[in-house]
Amino acid sequence: MSVPRLVIAAPASGSGKTTVTAGLMAAFAERGLDVSPHKVGPDYIDPGYHALAISSAASSAGRSRAGGARPGRNLDAYLCGPQRIAPLFLHGAAGCDLALVEGVMGLFDGAAGQGELASTAHVAKLLRAPVVLVVDASSQSRSVAALVHGFASWDPEVRVAGVILNKVGSDRHEVMLREALEGCGVPVFGALRRTREVRAPSRHLGLVPVAERQAEAVDSTAALAARVRESCDLDGLLALGRSAPPLSEPVWDPEEEMRRAVEAVPGAGGREGRAARPVVAVAGGAAFTFSYAEHTELLTAAGAQVVPFDPLRDERLPEGTGGLVIGGGFPEVYAPELSANEPLRAAVAKLAASGAPIAAECAGLLYLARSLDGEPMCGVLAAEAQMSERLTLGYREAVAITDTALAAAGTRVHGHEFHRTTIVPGAGAEPAWGLVHPERRTEGFAQGNVHASYLHVHWASVPGAAARFADRCVSPAG
């Protein structure tokens, strides 16, 4: 399948990948192109900015995409396995005019101690995509040529095909940079000046999510698009994207994945024989912004009716809720407001007591606890949560210790932890997971049909999770 595509990478974090990528997405969407947004790694926040950049730019240009905006999608070779990267990409990018993939950290930085695995370079090779390097030029001039030459020649399988200079100080500075790069063999596709106009605010886990600053983020995106239009060779970049070769891998299909998963899940009956589609409520809103688009697609393919709700605003679960998914986010920022919504907290506790399946990751784990920073939460778990000074971050390999609504005992998964909170105890009498790498410990809670854990797992790597979960919505264990 032919999909025009570019990977936007950088020598290091902080170079401006997200702002440049969002600006490119917005600028191309303004031109009327159907842009498909992707992000290397497990990060949930950047894809939100990508989706907003495309939808707001297309809307302002009067070119909104039929069928709605494309969601930002993650491409993580550790969480999903290298063999799924091209299929997932092809699924998300189907029918687009241009796919833009934002990298993670520095171009060659991957999973700790595992070589290139999950690095931007690894994903670029799996996608056979040309790479455009975003270089922070604020503290260099002629040395930029040595830096770009080194990145372009380090791995011959990675095609570093262009450079965008970022944080350029002046016209004279730009001339010096361009002159230095003339003999490097890597063309310059743009030079962006330093500005404070489009910076996104950060806090303890990185950028503040789009859902918490929608209006301001729309204005920033418009300013970014204008900068990119004025400073980048969009025609040249589009031509470069179109030079990417066809991909021969099969397209990831949630329906096919679910068919296979149902066959492999003992006792899972699939959709056949159900009187009605079970309702799976999925938490959203400003406090619960972390999710992967494929989770909803897999649940839908498993026969569920996925209905979003906002724990900050809604006082009841969606009508007929037979299962609940509470993903990641920032409940610690909204603890008083979440606590004040007593009717919903009671409804969640009642649902858990009924035996309906609940899948809670990270933020969801905190919401199910007795309290968060002293504020009463749902009380489903006999645990107390609070903010911490320590950042817990990294990939994890884990195994399910007991049968749960998501996994059969013995199921091995790759996951990711990312939080500045702690919960006491850290695991229940029946832990959700046994972590086996890079450290060994038990983690999370498997309590009836409640599965609550700090571990983020991408369900595309274990589609059986959606099959098990949807099946238990129909016949919950007592």
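Predicted model: local features only at pLDDT ≥ 70, side-chain atom pairs only at ≥ 80, totals over all residues.
I'm counting a contact as heavy atoms within 4.5 Å.

**Phe89.** I looked up what it touches. Leaving out residues up to four places away in sequence, Phe89 contacts Val3, Arg5, His38, Leu75, Ala99, Val101, Leu127 and Leu247.

**Cores.** Next I checked where Phe89 sits in the nonpolar packing. The largest nonpolar core has 87 residues, and Phe89 is among those with the most contacts inside it, along with Leu107, Leu127, Leu165, Trp433, Trp459 and Phe469. I wanted to know where this core lies relative to the domains: domain 1 (5-243) and domain 2 (254-472) both give residues to it, so it lies between them. I also found a second, separate core of 38 residues, including Phe288, Ile326, Ala352 and Leu366.

**Aromatic pairs.** I searched the whole structure and got 8 aromatic pairs. I looked at Phe290 and Phe330: ring centres are 5.5 Å apart and the planes sit at 80°, so I log this pair as edge-to-face. Phe290 is in the loop between strand E10 (279-283) and helix H11 (293-301), and Phe330 is in the loop between strand E12 (321-326) and helix H12 (335-340), so the pair ties together parts 40 residues apart in sequence. Both Phe290 and Phe330 are buried.

Then I took Trp459 and Phe469. Their ring centres are 6.5 Å apart with planes at 45°, so this pair is tilted. Trp459 lies in the loop between strand E22 (456-457) and helix H15 (464-474), while Phe469 is in helix H15, 10 residues apart. I checked burial here too: Trp459 and Phe469 are both buried.

**Cluster.** Last item: ring pairs join Tyr44, Phe290, Tyr292 and Phe330 into a cluster.

How values were computed: Residues numbered from 1 in each chain as written. Heavy atoms only, no water. Phe/Tyr/Trp six-rings, centres within 6.5 Å; stacked < 30°, edge-to-face > 60°. Helix = DSSP H or I, 4+ residues; strand = E, 2+ residues; numbered from the N terminus. Buried < 20%, exposed > 50% of the residue type's maximum accessible area, 1.4 Å probe, protein only. Core = buried A, V, L, I, M, F, W, Y, C linked by side-chain atoms within 4.5 Å. Domains from an automatic or database assignment.
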